[in-house]
Each structure stands twice: as C-alpha cells, then as structure tokens.
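Colleague: Could you take a close look at one part of this model for me? I'd like to go through some of the disulfides.

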Amino acid sequence: MGLFFTCDQFLMLMALITVCTLSGIKQAILILYCYDPLDPNGNITVTFDINQWIPEGYLARVTLQNYYQYRHVDKPGWTLGWTWANEEIILSMSGAFATKQGNCSSFKSQTTPHSCEKSPAVADLMPDALAETRTDDCCHGGLLSAWAIKPSESFSSFEMTIGNLGTNPKVQAPINLTLMAPGPGYTCSSIEEADPTAYSDNGGKRQLQAYRTWKSTCTYSSFVANQAPVCCVSLSTFYNPKITFCPDCSCGCREADKNTVSCIREGYDDPGSDSFDNQDIVQCTDHMCPVRIHWHVMKNYFTHWKVKLTISNYNYKRNYTNWNVLIQHPGFSQSTTAYSFNSTMLPSFGLSDEVALFWGIEYYNEELSSADKDEPGAVSTQILLRKDLDSFTLGNGWALPRRVYFNGENCQMPLPDTFPMLPNDCSSLKPTNPVFLLFIYLTFKTFDIWLS
C-alpha cells in the first residue's frame, strides 16, 4: 500500500513528532494530522464503568463517545478490542457481541461464557436486535455521528458481566485498547483510572455513581491509517473562464488507458463494502479521487456574494450516507445562508479564518449517491454570504477556500498559482453603487416625462 503526500503534508510530517501509545509501549513515531488544528479537542473516549460487584467478578458498562466535530464512524461500524490484565472472561453481554467465543472448555458451568478470549474484539448490534439482547443507548450498527451534527447519536453503550477473578479479586483495568472505526487510523491511550461516572436515577431526583471508572481516548491519524487521500478540490469563478481542476494524481495516478471508464484506486481498501472484493472502483479521472468538491464563485452583489458548492461522488460502489464538508474561509465571519444543506459555524480555535460545516438535509440529500456509467453522483447548494466591506475582495484568490475536508479527511487543494484570477486590467470587480443607479433611473424618468 503506497503513501500519498502533498508537499505541505511532507513538510508537516518532517516537522511533527508525536508520542502515542501503541501496544502499551510509548514509542516516538511520526504521525501526520494526529493533531487537527480545526478540531484540536476531537477524540473518541471509551469509558468502562463498574456498576455492580458479583461473586468472582463485576458488571461493567462500556460507552464510546465521539467528540469529533465532523468525523463520524461509518459502516460497517466500530470494533473495540482490548487485552485482559488477568484471567477474566465475559460471562454475558448485552448491547454488543464479542466476535469470537474462544476456548471455554475449562469452564463447566451450566451457562457457557459469552467469550473466553484473552483479547476479545467487540462489535455493536444492529438496530433490529432482539429486546433481550439490548441495553440502553445500544444497537446503532456501529455508527457514531459527528458531535457537531447529531450529538444525540454520537455515543453507544453496551454492558458485560465479567467473571473468573477468584474469591478475592484484584480488579485491574484492561490493557492495549484498540479501535477500528471502521478501518485503521485510531491510536488509543492507556486505560487509566478516572473520577467515577455520575448518573441520575428516579427521574433525576437521585444521583448515583459508578464504583470505579476507567477511561481511554482514541485519536485519528491519516498517517497511521496509511491510505490514499479520498477527495480533492476544484475551483471556478464568474470573472474568469478558466476552471482550476483537481491536481493530477491527487488520490493516486491513473494507470489505465484514457478510454477506460472504471479504475481500481490504489492505496485504499473500502471497509464498508459488502462485496468480497473490497477494492475501491472509481471513475477513471486524472485526479483519481472518489470525491470532488467544487467551489464556484457565482455572483458579486453590493452587500453580499454568492457561491455554489458541489460535491461529486466518482465511486461506482459506494454511497456516502451522512456525509459532511468542512470549509475554512474568512468570509464565514459574516452572516451565511446555505439554501440546500444544513450548516453551522465551528469554533476557529484562534485561526485567522472561520470554519463552516455543511451536511445533507434528512430525507432530501443526506446520501451522496454512487456514480453511474454516465455521470457521478452529486449534491449541491448555493451559499449567500454577507460582505465585510473592509476585507472583501475578488483579488488574489481571496474568494476561494483555504482548506476543505470531506468526512473528516483533508482534501487535496490546487496550488495557489493555478487559481482563477481577476483579468489583468481589473483590480476589482465592484458592483455599481445602487444610489448611482437610482440617480440614473430618476434622470431618465424625468427626461421621459418632459418629452411626453
């Protein structure tokens, strides 16, 4: 599997050394985008709460909470793994299931343990799971929504009964936590003791708390994921006929003949594919990205300006459900209206440019359909932005985005020297002052009355 870097990413990679925990050992490794300046507090927090002691064990509730503002967990969902510190086994589980039972032949109890694996892997149940296998806040098919989009669907929980600890157990936290969500890329910290989780009971009139609480945070890195980029950006404007296309080889290079319609994208396997062959099959293009974001500057009004944002899916096999696009641009500091997408402004965390998040409207365009033989799937909206008259300009590419993300992945931007620029004989394209237009109208109206 190849590595794909832009020049900026390579420089950042050379400059950034992050200490992360892998297999319980702290290793100094180079990680690209382990820290995201647009979402510095983003992570998935895994919490283990011991809520009841039983003979030779305990009852625990495990919660995954997605604190990423715009990165969600898509199909086929998360898989959580760990290694037991002692000889624990999972006697029973609700709200999720261990993918392997393991060797339970040494346990002669009437009820067979749910899993005797030393390092179990646990996956979520589907929404149609039977009532007797469910627990509160479970069974989302492994999906976790982004915190800024659907916070009520950004977490999932399951319960498990742990045994085989002996009559005088020394209860220890699991070690070596791993998270596939759904593919690789997440690095989890060691599981540490934390303040006991408090929760309400009796309609909120009584507060309870867990006996013990352990926590770990998992952060995503595209470098650890080791996959090709998934998106690129193209640009156009009303004042220049030139279209700035996605850079060639943005997401891999086209090796097929120019007449070939479909290509297998190198450096990426689709974990969400239901097919046995999970390779990414996309429309053959010079950029070879499954997703293209196009930003078109449409109009320049006296107090506002308008943009059309189009997201195109060149993937023949995959629909993107609950997609989102994040755009960094100074124009978002003013009032912004997106006509066909949901949108919200995110904290800029001290950055000079503002950050806007866009996603689909439920039952209308929340799914970005796959490409067919004739054209890619697409969703689009027009965006009306109020001008800050002190800073707005069409010169030097100011009206074009600074950074674009799709589903949390940084999209490949064209180089600035390829941006569509103003004609050489124009320093600005300012609309005519409406007061002057009114003066002209009244002058001609008066002249017309005199003639009549």
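Colleague: To start with, is Cys289 buried or exposed?

Modeller: Cys289 counts as buried, at 0% relative accessibility; buried means under 20% relative accessible area, exposed over 50%, and partly exposed in between (1.4 Å probe, protein chains only). Bear in mind that this is a predicted model, where local features need pLDDT of at least 70, side-chain atom pairs count only at pLDDT 80 or more, and totals for chains, interfaces and linings use all residues. Residues are numbered from 1 along each chain as its sequence is written, and side-chain values use heavy atoms, with hydrogens and water left out.

Now the partner: Cys289 forms a disulfide with Cys251, the sulfur atoms being 1.9 Å apart. A disulfide here is a pair of cysteine sulfur atoms within 2.5 Å, and by that rule the count comes to eight. The link of Cys251 and Cys289 is right-handed, with 85° about the S-S bond. This pair ties together distant parts of the chain, 38 residues apart: Cys251 sits in the loop between strand 17 (240-244) and strand 18 (262-269), Cys289 in the loop between strand 19 (279-283) and strand 20 (291-300). Strands (E, at least two residues) are DSSP runs, numbered from the N terminus. Cys251 is buried too, with a relative accessible area of 0%.

Then there's Cys249, joined to Cys253 with an S to S distance of 2.2 Å. The torsion about their S-S bond is about 120°, so that disulfide is right-handed. Cys249 is partly exposed at 32%, and Cys253 is partly exposed at 45%.

Conventions:
Helices (H or I, at least four residues) and strands (E, at least two) are DSSP runs, numbered from the N terminus.
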